[in-house]
Amino acid sequence: MTERNKMNILDKIVADKRKEVDLKKSIIPLSQYEASALFGRETTSLSHALKQSETGIISEFKRRSPSKAIINQNANVGQVAKGYEKAGVCGMSVLTDIKYFGGSIEDLILARASVQLPLLRKEFIINEYQIIEAKAYGADVILLIAAVLTKQEIKNFSELAKSLGLDVLLEVHNEEELHKSIMPSLDMLGVNNRNLKTFEVSLDTSKSLSQLIPDDFVKVSESGISSIKAIKELKEYGYEGFLIGENFMKTDNPGQSAIDFIQNLK
Ligand SMILES: O=P(O)(O)OC[C@@H](O)[C@@H](O)c1c[nH]c2ccccc12
C-alpha cells in the first residue's frame, strides 16, 4: 500500500478515538476517576528503572494489531504480566485500544492487580481525559505519539502527566516529529521502528535518529525487535530501553519467552 492509502489507517484510528473519548466523557465524569482508589497511588518510574537496568526490556501485552491481525487473542493478561515480572523486565506496556488492537482498559486493570512493575498505558492519547483515566486505572507511564499531536498538545499533555506523577514516553518516527517534540516535560524518547502509516519496520530508523536525541532523555527503541543481536547493536547507538511485543506475544507462553530471552541477553 502506498503511504497515502495507509495514512488513512492512522487517521482512522484517531478519528475513531475522538468519538470513543467523547462518548466516554459523556458517561464517566472526571470526578469519578479522581475519586478512585488508584488515582492517589504513588507511581513507579519506568525511566529510572531503565537507567538502572542491564537489559532494558519493556515487554508488551498485545492481542492483535492492524499490521499483523491476530497475535494472541485470548492470552491471560494476569499470567503474562506475572511471567514478564519473573523475567525481570523493567516495565510492561498494555494496549488499551479495543477496536484495532483487541485490548481494553480491563487488561490494564488486571495487569495492575497482578504485578508491581511500572505499567505503560499504550493508547492513542488525543485528550487530557485519557491521561486522568490512565492514572485512575493504575498506569505509571503514558505514551504520546508525535505523529498525531501538535507541539502544544504534546506540551499540555506531558505537563499534565508529570503533575500526576506519570512518566512520559514520547514516540517519534522521523526527524520532523523529533524536532517538534523535544521539551523538558518528557522522560523518554521512543523511536518507533514501525511506520504507523505504512507499517514498514526498520531498525535503521532508531539508528539514524539516535544522534539527534539529546542525552538528557532515556532513549527507547520500539517495535520489530526480536533478537539479542538487535539489542546489542541498538545499545551501541545509545538506546537503554527496548519495547518488545510480538516476539513474546506470538508464542503460547509470552512470559516464558521473555524469561528465556532475558536469560540469553545477560
Ligand atoms: O510488536 P512489536 O513489533 O515488538 O512492537 C511493540 C510496540 O513497539 C508497538 O506495539 C507500538 C509502538 N508504538 C505504538 C503505538 C501504537 C500502537 C502500538 C505501538
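Reader: What is the mean pLDDT of the chain?
Author: The mean is 95, and 97% of the residues reach 70 or more. pLDDT is the predictor's confidence in each residue, from 0 to 100. For the complex, the predictor gives an ipTM of 0.99 and a pTM of 0.96. Where pLDDT is low, the predicted coordinates should not be read in detail.

Reader: How do you know whether the chain agrees with a compact globule?
Author: The radius of gyration is taken over C-alpha atoms, and the globule rule is 2.2 Å times the number of residues to the power 0.38. For 266 residues a compact globule would have a value near 18 Å; the chain has 17 Å, which agrees. Along the principal axes, the C-alpha atoms fill a box of roughly 50 × 40 × 35 Å.

Reader: How many helices and strands does the chain have?
Author: There are twelve helices and ten strands. Helices (H or I, at least four residues) and strands (E, at least two) are DSSP runs, numbered from the N terminus. The UniProt record, an unreviewed entry, places the feature "domain: Indole-3-glycerol phosphate synthase" at residues 10–256. UniProt positions are given in the numbering used here, feature names are shortened, and annotations may be inferred rather than shown by experiment. Over residues 10–256 the chain is 42% helix and 17% strand, with 32 Å between the end C-alpha atoms.

Reader: Why is Leu46 called buried?
Author: A residue is buried if 20 or more other C-beta atoms lie within 10 Å of its own, exposed if 12 or fewer, and partly exposed in between; C-beta atoms are placed from the backbone. Leu46 has 28 other C-beta atoms within 10 Å, so Leu46 is buried. Its place is in helix H3 (residues 46–52). In the chain as a whole, buried residues make up 45% of the 266 residues.

Reader: What is Leu46 in contact with, leaving aside its neighbours within four places in sequence?
Author: Two residues are in contact if their C-beta atoms, placed from the backbone, lie within 7 Å. On that basis Leu46 is in contact with Cys90, Gly91, Pro118, Leu120, Asp140, Val141 and Asp167. Of the contacts in the chain with a separation of 6 or more, 69% are between residues 24 or more positions apart.

Reader: What makes helix H6 largely enclosed?
Author: H6 covers residues 128–136, and seven of its nine residues are buried, so the rest of the structure largely encloses this helix. The buried residues include Gln130, Ile131 and Ile132. After H6 comes Gly138, with a positive phi near 95°.

Reader: Is Glu123 buried or exposed?
Author: Glu123 is buried, because 24 other C-beta atoms lie within 10 Å. Glu123 sits in the loop between strand S5 (119–122) and H6. Not counting residues up to four places away in sequence, Glu123 touches Thr96, Asp97, Gln130 and Leu143.

Reader: Why is Ala69 counted as exposed?
Author: Ala69 has 9 C-beta neighbours inside 10 Å, so it counts as exposed. Its place is in strand S3 (residues 69–70).

Reader: What is the phi of Ala69?
Author: Phi of Ala69 is near 55°, a positive value in a residue other than glycine. Most residues other than glycine have a negative phi. Phe199 also is not a glycine and has a positive phi, of about 65°. Phe199 is partly exposed, because 15 other C-beta atoms lie within 10 Å.

Reader: Which residues come nearest to the ligand?
Author: Of the 15 residues around the ligand, Glu222, Ser223, Leu243, Gly245 and Glu246 come nearest. A residue is near a molecule or strand if its C-beta atom, placed from the backbone, lies within 6 Å of it. Strand S10 (241–244) and helix H11 (246–249) each supply at least two residues of this shell.

Reader: How many residues of each class does the shell around the ligand have?
Author: The shell has four nonpolar, five polar and six charged residues. Ala, Val, Leu, Ile, Met, Phe, Trp, Tyr, Cys and Pro count as nonpolar, Asp, Glu, Lys and Arg as charged, and the others, Gly among them, as polar.

How values were computed:
Residues numbered from 1 in each chain as written. Predicted model: local features only at pLDDT ≥ 70, side-chain atom pairs only at ≥ 80, totals over all residues.
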